[in-house]
Amino acid sequence: MLTPLDVLKKVPLFALLPEEELKAFAVLARERSFPKSSIILSQGDQGDALFLIAGGQVKVVIIHEDGREVILSVLGIGDFFGEMALLDNEPRSAHVVAMTDATLLQLRRDDFQARLRSSPDIAIALLRELSQRLRRADETISSLVLLDVNGRIAHLLLQLADEEGGEKITRRLTHATLGQMVGASRETVSRTIRSLVIRGIITMSRREITLKDRTALRLAAQRA
């Protein structure tokens with residue numbers, strides 16, 4: 001099991017901080033556990049903390065009035081969510097649900113802001129992370145508007161691999177989950193994934209998806 005300090009070192013928001021700063025944040029972190037399928041945060045609730053993922057996998061979702069679920073992102077170890085609550089007093093903008101049993105570290109806003117005053121480096125890192133998330137959100141919106149299903153899936157696979165810093169996607173994603181991320185049915189996603197595998201563009205196992213031909217995926221993700 002990772003210690004709070006180990007987790008902080010894996011999170012881009014904290015990774016470049018000096019050891020002493022990391023230790024100061026680690027002392028403030030409170031460990032919390034959530035069973036699979038439990039709701040961690042609810043859209044509309046008042047936000048007052050940042051969460052870091054020490055174990056497991058969660059999804060950030062918006063649920064329509066008719067019960068349809070749109071997945072905004074799937075997060076794993078080293079990822080974080082709830083960062084907007086550190087800067088404003090606005091309600092949570094989405095639900096966060098545990099896809100597996102999950103272990104989280106919670107940093108409350110008051111504690112975070114107190115450390116922020118003595119650590120301008122973390123303020124710069126937070127702004128950088130927020131900027132990157134806004135860019136990814138813009139790209140996702142563009143793909144949903146401009147691309148067909150094949151293009152949206154190609155764009156998503158490239159984005160997920162880039163987030164993990166390589167050619168592999170290790171987050172466990174069912175075809176139904178991918179469909180909820182790109183606005184398509186499970187059957188349509190299955191056909192597209194099967195075609196990508198047959199053409200040698202990706203390979204799949206029970207544990208990961210590997211990108212074999214980024215050029216082909218980029219071409220699919222650029223078609224209007």
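Trainee: Leaving aside its neighbours within four places in sequence, which residues is Glu83 in contact with?
Mentor: Numbering starts at 1 along each chain as its sequence is written, and this is a predicted model, in which local features need pLDDT of at least 70, side-chain atom pairs count only at pLDDT 80 or more, and totals for chains, interfaces and linings use all residues. Side-chain values use heavy atoms, with hydrogens and water left out. Contact here means heavy atoms within 4.5 Å. With neighbours up to four places away set aside, the partners of Glu83 are Leu50, Leu126, Leu130 and Arg133.

Trainee: And where is the place of Glu83?
Mentor: Helices (H or I, at least four residues) and strands (E, at least two) are DSSP runs, numbered from the N terminus. On that count Glu83 sits in the loop between strand 6 (80-81) and strand 7 (95-98).

Trainee: Is Glu83 buried or exposed?
Mentor: We say buried under 20% relative accessible area, exposed over 50%, and partly exposed in between, using a 1.4 Å probe and protein chains only. Glu83 has a relative accessible area of 9%, so it counts as buried.

Trainee: How many of the residues of strand 3 are buried?
Mentor: Strand 3 spans residues 49-55, and Leu50, one of the contacts of Glu83, falls in that range. Strand 3 is mostly covered, and the buried count out of its seven residues is seven.

Trainee: In strand 6, what is the bridge partner of Phe51?
Mentor: Two strands count as paired if DSSP finds at least two bridges between them. Strand 3 and strand 6 have two bridges and run antiparallel. The residue of strand 6 bridged to Phe51 is Phe81.

Trainee: How many bridges join strand 3 to strand 8?
Mentor: In general, strands of a sheet pair through backbone hydrogen bonds, either parallel or antiparallel. Strand 3 and strand 8 run antiparallel, and Ile53 stands opposite Leu104 of strand 8. The number of bridges joining the two strands is six.

Trainee: In strand 8, what is the bridge partner of Ser33?
Mentor: Strand 1 (residues 30-34) also pairs with strand 8 in the antiparallel sense, over five bridges. Gly55 has Thr103 as its bridge partner in strand 8. For Ser33, the partner in strand 8 is likewise Thr103.

Trainee: How many of the residues of strand 8 are buried?
Mentor: Strand 8 takes in residues 102-108 and is mostly covered. Of its seven residues, the number buried is six.

Trainee: Now the loops: what is the phi of Ser37?
Mentor: Ser37 belongs to the loop between strand 1 and strand 2 (39-41), and it is exposed, with a relative accessible area of 54%. Most residues other than glycine have a negative phi. Ser37 has a positive value, near 75 degrees.

Trainee: Which residue takes a positive phi just after helix 6?
Mentor: Helix 6 covers residues 175-182, and its buried residues include Met181 and Val182. The residue just after this helix, with a positive phi of about 75 degrees, is Gly183.

Trainee: What is the order of the open sheet of three strands?
Mentor: Its pairing is antiparallel. Strand 9 (168-169) and strand 10 (202-204) each have a single partner strand, so one side of each is left without a neighbour in the sheet. Strand 9 pairs with strand 11 (residues 209-211) over two bridges, with Ile169 bridged to Ile209. The order is 9-11-10.

Trainee: How far apart in space are Arg214 and Leu158?
Mentor: Arg214 lies in helix 8 (residues 214-221) and is buried, with a relative accessible area of 16%. Not counting residues up to four places away in sequence, Arg214 touches Leu158, Ala161, Asp162, Gly166 and Glu167. Arg214 and Leu158 are 56 residues apart in sequence, yet C-alpha to C-alpha the separation in space is 7.6 Å.

Trainee: Zooming out, what percentage of contacts between residues at least 6 apart in sequence join residues at least 24 apart?
Mentor: The protein chain has eight helices and 11 strands, and buried residues make up 44% of its 224 residues. Among contacts between residues at least 6 apart in sequence, the share joining residues at least 24 apart is 69%.

Trainee: And what radius of gyration does the protein chain have?
Mentor: The radius is taken over C-alpha atoms, and the globule rule is 2.2 Å times the number of residues to the power 0.38. With 224 residues, a compact globule would come out near 17 Å, which agrees with the chain's 18 Å.
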